[in-house]
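Take a look at the chain below. Keep it in view as you read.

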Amino acid sequence: MRFRSILSEAGRNLATGTSRALLFALLLAAITAGAAIMDARSIIGVQSRAADFVASGASIRVMVAPAMTDAAACERLGTIGGIRAAGALREADAVVLRTMNANPVPAYAVTPGLIAVLGGDPAAPAGAWLPAPLARTLGVTAGQELPTGSGTLTVAGLYEYPDDGRDSRLAYAALLPQPAAGSFDECWADIWPLSRDRERLLHAALAVDSSAADAVAVGQLNTSRGTRFDALGEFTARPTRFALPACALAGLLLGLVAVRIRRLELAAALHLGESRRDVLAIQVIETAVWATAGVVPAAVALLAGVVAAGSTDAAAVYLVDVRGPAVAACATLIGAVLGVLTVRERHLFRYFKNR
């Protein structure tokens, strides 16, 4: 048969419903969209738990080394891959506000990197950083000035520091940015993803020899969410991780079934002299049409599901799970080929008796 004739035959089968294209397209769309959306929700759950872990400050590691922390070395840790920010801290004289003479505000001298660790902008104008609850209590916002016993204090910015189990010292304190030079008491580093090798790098901020470094402990800012969160482990062990092979298997079976239920028709065509190559070409074309018609709505449904779930990285989740419908569409073609190859002309009368 000429290619035009093959296309014409496939088109007639699709138009008349002989190939049951609509049924198989709907089945492919429902199965692959369902599997992909379930896996996407599972991945988004891992993302959400990871985001909560980081937001709680559980990813922040604190090395306490009074008067032995090299501020410059600590600050440089923030340039290492996997360490989002790092900065040093030491206790400073309390700030005595004229409106609160009897209740001084604890203060800490910090390097710019520590402001970044807390989610602030280290490049903000000079001044003190206050926790948001304290700022609300004082009725001030960023850019305003506070009269103190030693002059005027400008509020450079505010940082969030909720009462969620983290070290409470900075929940009611003023942070006074200082140049990253000299000795400080602590080095804070926001490490994500967590890595023991990166945690050990905090010892590089010690202004002493390596023998003293072994005696310095590295703690966690917030232990209420657990000491570690293995995002990669949770991703690879998620219950829906088999969604991709399940979609591939579904596509293969649908392609095979779509051909096998027409085995009497195909065996008759072979009996009448149609070559197996032509029969195969017609079935592949028909299968490609309904597979495409099924995978497109599945991909759209997946996109809508990912967006509706509010993923923190919708594009990444979509790219992981859209492979399911895509692979299923390819698998239907393999199934169709296998189906044609298993049809035998000599079984024509058996197919007729079992129809």
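Predicted model: local features only at pLDDT ≥ 70, side-chain atom pairs only at ≥ 80, totals over all residues.

Start with the largest nonpolar core. It holds 24 residues. Three of them, Met63, Leu77 and Trp192, touch the most other members. In general, nonpolar side chains tend to be buried together in soluble globular proteins. Which elements give two or more residues to this core? They are helix 2, strand 1 (60-70), helix 3 (71-76), strand 2 (83-95) and strand 8 (183-191). Strand 8 gives the largest share, four residues.

Now look at Trp192 itself. Leaving aside residues up to four places away in sequence, Trp192 touches Ala50, Phe53, Val54, Ser59, Gly82, Arg84, Phe229 and Ala231. Another core lies apart from the largest one. This other core has 19 residues, including Ile60, Val62, Tyr159 and Ala173.

Next, go to helix 2, which spans residues 21-55. Gln47 lies in this helix. Is Gln47 buried or exposed? Its relative accessibility is 18%, and buried means under 20%. Gln47 therefore counts as buried. Which residues does Gln47 touch, not counting those up to four places away in sequence? They are Ser311, Thr312, Asp313 and Val317.

On the helix 12 side, Leu319, Val320 and Asp321 make the contact. On the helix 13 side, Arg323, Gly324 and Pro325 do. By type, the residues of this contact are three nonpolar, one polar and two charged.

Helix 13 (residues 323-342) also packs against helix 11 (residues 276-309). Here the angle is about 155°, and the axes are 9 Å apart. Angles over 145 degrees count as roughly antiparallel, so helix 11 and helix 13 are roughly antiparallel to each other. Their crossing is right-handed. Helix 11 brings Arg276, Val279, Leu280, Gln283, Val284, Thr287, Ala288, Trp290, Ala291, Val295 and Ala298 to the contact. Helix 13 brings Pro325, Ala326, Ala329, Thr332, Leu333, Ala336, Val337, Val340 and Leu341. What types of residue make up this contact? There are 16 nonpolar, three polar and one charged.

How values were computed:
Residues numbered from 1 in each chain as written. Heavy atoms only, no water. Axes fitted to C-alpha atoms, helices over the stretch in contact; angles between N-to-C directions. Parallel < 35°, antiparallel > 145°, perpendicular 65-115°, else oblique. Left-handed = near helix turned anticlockwise from the far one by under 90°. Contact = heavy atoms within 4.5 Å. Nonpolar A, V, L, I, M, F, W, Y, C, P; charged D, E, K, R; others polar. Buried < 20%, exposed > 50% of the residue type's maximum accessible area, 1.4 Å probe, protein only. Core = buried A, V, L, I, M, F, W, Y, C linked by side-chain atoms within 4.5 Å.
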